[in-house]
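Here is a friendly note to read alongside the model. Take the points one at a time, and keep the 3D view open while you read.

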Amino acid sequence: MAFTKDTISNLLNQYPLLIDKAIEVIGDNQTADELGSRHTKYENGIGFTASYGTIGTVLYQFVTGRDCRRPGHPVRWKPKSLITDGDVLNRTRDMRRFKSRNPHYSQSSPRDIAKMIAVLHWRQLGSLLDRSNWVQPPATATTQQPQTLTVRYTRIVRETAKAVLLEKVDSEGIAWERWLPKSMIINDLGQGQLEIKRPA
């Protein structure tokens, strides 16, 4: 397979999950201080160009889960896919700001913007031609059982359409109150116990 801009573009069209990997590869080429400041400072021919330094870093943080503002860029969040979770990124302040400053992208999805950036930086994506570098598609949420935990309470203090206020008296006689969204409740186990989804 020849390494050309068209080859990379066709590969991203045929295997959309590679868009995430492409953004990761380009972001890994940015220097640490460029990722931290979200601006491209050096004309070194790798990483995001100056025009896409800020939005490129936002996309990179989204697909890797890395916090680029902290030293060492630790993984702070669960990595997400622009293909399956792009609508989440579309609602962020950074994406809205990018679209307002670049009106020709106002109707584009984060996936489309990421693909355009990847194709623009195609010379850095030679590793995508090797299938051993490809990512596995993320498991769908429908096949996974939610992790649960059991919450114990003394009584229900108040209940609204969307939540319940639980009271728990500890061994020292101190009463604690906690609001619990009804969307988290899986089962009422009775005897002051609820099975709930484990918070992320």
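1. Let us begin with the words for helix angles. Angles under 35 degrees count as roughly parallel, over 145 as roughly antiparallel, 65 to 115 as roughly perpendicular, and the rest as oblique. The axes are lines fitted to C-alpha atoms, for helices over the stretch in contact, and the angles run from 0 to 180 degrees between N-to-C directions. Helices (H or I, at least four residues) and strands (E, at least two) are DSSP runs, numbered from the N terminus.

2. A word on the source: this is a predicted model, in which local features need pLDDT of at least 70 and side-chain atom pairs count only at pLDDT 80 or more, while totals for chains, interfaces and linings use all residues. Residues are numbered from 1 along each chain as its sequence is written, and side-chain values use heavy atoms, with hydrogens and water left out.

3. Start with α2 and α7. Their axes lie 9 Å apart and the packing angle is about 55 degrees. The two helices are therefore oblique to each other. α2 passes α7 in a left-handed crossing; left-handed means that the near helix is turned anticlockwise from the far one by less than a right angle, and right-handed that it is turned clockwise. On the α2 side, the contact (heavy atoms within 4.5 Å) is made by Ile 19, Ala 22, Ile 23 and Ile 26. On the α7 side, Arg 111, Ala 114, Lys 115, Ile 117 and Ala 118 take part. By class, the residues of this contact divide into seven nonpolar, no polar and two charged. Here Ala, Val, Leu, Ile, Met, Phe, Trp, Tyr, Cys and Pro count as nonpolar, Asp, Glu, Lys and Arg as charged, and the others, Gly among them, as polar.

4. Now look at helix α1, residues 5-14. Which of its residues are buried? They are Thr 7, Ile 8, Ser 9, Leu 11 and Leu 12, where buried means under 20% relative accessible area, exposed over 50%, and partly exposed in between (1.4 Å probe, protein chains only). These buried residues pack against α2 (18-28) and α7 (110-120).

5. From α2 come Asp 20, Ile 23, Glu 24, Gly 27 and Asp 28, which meet Gly 56, Leu 59, Tyr 60, Val 63 and Thr 64 in α4. The contact of α2 with α4 has four nonpolar, three polar and three charged residues.

6. How are α4 and α6 arranged? Helix α4 (residues 53-64) and helix α6 (residues 93-101) pack at about 150 degrees, with axes 10 Å apart. That makes α4 roughly antiparallel to α6, and their crossing is left-handed. Ile 55, Val 58 and Leu 59 of α4 meet Asp 94, Met 95 and Phe 98 of α6. In this contact, five residues are nonpolar, none is polar and one is charged.

7. On to the strands. In general, strands of a sheet pair through backbone hydrogen bonds, either parallel or antiparallel. Strand β3 (residues 163-169) and β4 are joined by seven bridges, and Val 164 stands opposite Leu 180 in β4.

8. Another open sheet of three antiparallel strands has the order β1-β6-β5. Its edge strands are β1 (148-152) and β5, each pairing on one side only. Strand β5 (residues 185-190) and strand β6 (residues 193-197) pair in the antiparallel sense over four bridges. Asp 188 has Leu 194 in β6 as its bridge partner, and Gly 190 has Gln 193.

9. Finally, visit the turn. β5 and β6 form a hairpin with two residues between them. Gln 191 lies in this loop, and its phi is near 55 degrees, a positive value in a residue other than glycine. Is Gln 191 buried or exposed? At 82% relative accessibility, Gln 191 counts as exposed.

Notes. Two strands pair if DSSP finds at least two bridges between them.
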